[in-house]
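Me: Got a model open here. Can you walk me through it?

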Amino acid sequence: MFTFFRLPKCLVNNVYFAELSADAKLLYAFFLDRVSLSIKNGWIDDKGRVFIYYSVKRVCKDLNCGTQKACKLLA
């Protein structure tokens, strides 16, 4: 069936995040999805930090954008 990305409501409802673009908010949801995948694969260091691998090339593909925009969103 379908799978979904989770987007915290506060990114949409909270005035603190009002200036974030929709692409930045969507990218955050992609990162949340990557955290789940990393935990599932055991990519956690000895301090409990989760390692996320998400290349700029993959961000460009997922957001259908160029490298310059992807790098700006990741900064």
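Reply: Along the sequence, the pattern reads α-α-α-α. This is a predicted model: local features need pLDDT of at least 70, side-chain atom pairs count only at pLDDT 80 or more, and totals for chains, interfaces and linings use all residues. Residues are numbered from 1 along each chain as its sequence is written, and side-chain values use heavy atoms, with hydrogens and water left out.

Me: How many helices and strands does the protein have?

Reply: Four helices and zero strands. Both are DSSP runs numbered from the N terminus: helices are H or I with at least four residues, strands are E with at least two.

Me: What box do the C-alpha atoms fill?

Reply: Roughly 35 × 35 × 30 Å, along the principal axes.

Me: Which residues make the largest nonpolar core?

Reply: Ten residues: Ala24, Leu27, Phe30, Tyr54, Val59, Cys60, Leu63, Cys65, Ala70 and Leu73. A nonpolar core is a set of buried Ala, Val, Leu, Ile, Met, Phe, Trp, Tyr and Cys residues joined through side-chain atoms within 4.5 Å. Buried means under 20% relative accessible area, exposed over 50%, partly exposed in between (1.4 Å probe, protein chains only).

Me: What does Cys65 touch?

Reply: Val59, Cys60 and Ala70, not counting residues up to four places away in sequence. Contact means heavy atoms within 4.5 Å.

Me: How many disulfides is that?

Reply: Zero, with a disulfide taken as a pair of cysteine sulfur atoms within 2.5 Å. Cys60 is in no disulfide; its nearest cysteine sulfur, that of Cys65, is 4.7 Å away.

Me: And Cys60, buried or exposed?

Reply: Buried, because its relative accessibility is 11%. Cys10 counts as partly exposed, at 38%.

Me: Switching to Ser38. Where is Ser38 found?

Reply: In helix H2. Ser38 counts as buried because its relative accessibility is 2%. Ser38 touches Trp43, Val50, Phe51 and Ile52, again leaving out residues up to four places away in sequence.

Me: Where does Met1 lie?

Reply: In the segment before helix H1 (10-13). Met1 is exposed, at 98% relative accessible area.
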